[in-house]
Amino acid sequence: MLDFESVTGMGVRARVDGARVEVGADRFMRDLGVDITAFSTLAAELGTQGKSPLYAAVDGRLAAIIAVSDPIKPSTPAAIAALHQLGLKVAKITGDNAGTAQASARPRGIDEGGAEVRPEGKVEAVRRIKATHGHVAFVGDGINDAPALAEADVGLAIGTGTDIAVESADVVLMSGDRQGVPNAIALSKATLGNIRQNLFWAFAYNTALIPVAAGVLYPVWGVLLSPVFAAGAMALSSVFVLGNALRLRRFVAPFAVKA
């Protein structure tokens with residue numbers, strides 16, 4: 001094999017035994033000027049089965065069709081349902097052709113999505129969804145997902161994915177189980193809720209007691225707060241905040257995920 005080249009988001013080409021061989025998606029074949037209508041019926045049938053049709057051309061002539069299937073993990077539908085319960089919408093952005101993407105999205109509750117999307121197109125899709133719906137979390141595991149992971153408000157990389165995806169993400173899920181996504185979001189919600197509680201307590205507590213320590217009650221009732229009691233009150237505030245934060249140790253994830 002000579003002159004091997006990977007065309008991002010399209011396919012690969014190389015010279016094998018003197019022949020020019022190209023393998024890739026239908027859009028790659030169209031760019032090469034290769035007519036794929038001979039396999040159009042079979043490709044549509046494969047798409048309805050959730051399989052991605054790829055084509056092989058030898059010296060510019062269509063030679064074969066290849067079906068590639070990436071089975072949906074059994075835990076994925078439950079993870080999508082959990083995200084809906086958290087009040088989130090789920091979009092699927094994939095490089096698969098439209099037929100394959102629709103076949104895999106419909107029965108699993110995907111709210112919206114895009115097919116035949118190149119890596120740069122995923123970034124544009126993230127920006128579009130962000131402009132329409134607000135904050136976006138993007139989950140990915142491949143090389144083509146890295147730009148979108150960096151563009152999203154929160155990038156979540158599957159730990160079993162590529163190194164560049166892991167490096168581009170804000171959160172890395174050590175397991176390949178997609179149920180780790182709602183678990184991570186639920187934990188973040190619980191953490192932010194705890195932070196808000198602690199901030200409210202700290203501000204309310206200090207707002208109430210600092211004036212007392214400054215002697216605001218002395219002109220009326222002649223009451224002054226002893227430094228000893230003031231120090232104890234401040235220590236009590238810190239203990240309360242710390243104890244409230246430690247409640248996160250009892251956080252129970254929606255799903256039990258195996259490593």
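The buried residues of helix 8 (residues 180-213) are covered by elements that include helix 3 (76-85), strand 8 (137-140), strand 10 (171-173) and helix 10 (227-246), where helices (H or I, at least four residues) and strands (E, at least two) are DSSP runs numbered from the N terminus. The model is predicted, so that local features need pLDDT of at least 70 and side-chain atom pairs count only at pLDDT 80 or more, whereas totals for chains, interfaces and linings use all residues. Residues are numbered from 1 along each chain as its sequence is written, and side-chain values use heavy atoms, with hydrogens and water left out.

Among the buried residues of helix 8 are Gly180, Val181, Pro182, Asn194, Asn198 and Tyr205, buried meaning under 20% relative accessible area, exposed over 50% and partly exposed in between (1.4 Å probe, protein chains only). Helix 8 has 34 residues and reaches 48 Å from its first C-alpha to its last, close to the 50 Å expected at 1.5 Å a residue; the expected span is 1.5 Å times one less than the number of residues. Glycine 215, which follows helix 8, has a positive phi, near 95°.

An unreviewed UniProt entry annotates residues 199-218 and 224-246 as "transmembrane region"; UniProt positions are given in the numbering used here, feature names are shortened, and such annotations may be inferred rather than shown by experiment. In the model, residues 199-218 are 80% helix and 0% strand, with end C-alpha atoms 29 Å apart, while residues 224-246 are 87% helix and 0% strand, with end C-alpha atoms 34 Å apart.

Aspartate 145 is placed in the loop between strand 8 and helix 6 (146-151), and it is buried, with a relative accessible area of 10%. Its side chain is joined to that of lysine 122 by a polar contact of 2.7 Å, a polar contact being a pair of N or O atoms within 3.5 Å, of which, within protein, one must be able to donate a hydrogen and the other to accept it, and residues adjacent in sequence count only if both atoms are side-chain atoms. A polar atom of the aspartate 145 side chain also lies 3.1 Å from the backbone nitrogen of aspartate 141.

Technical notes
Contact means heavy atoms within 4.5 Å.
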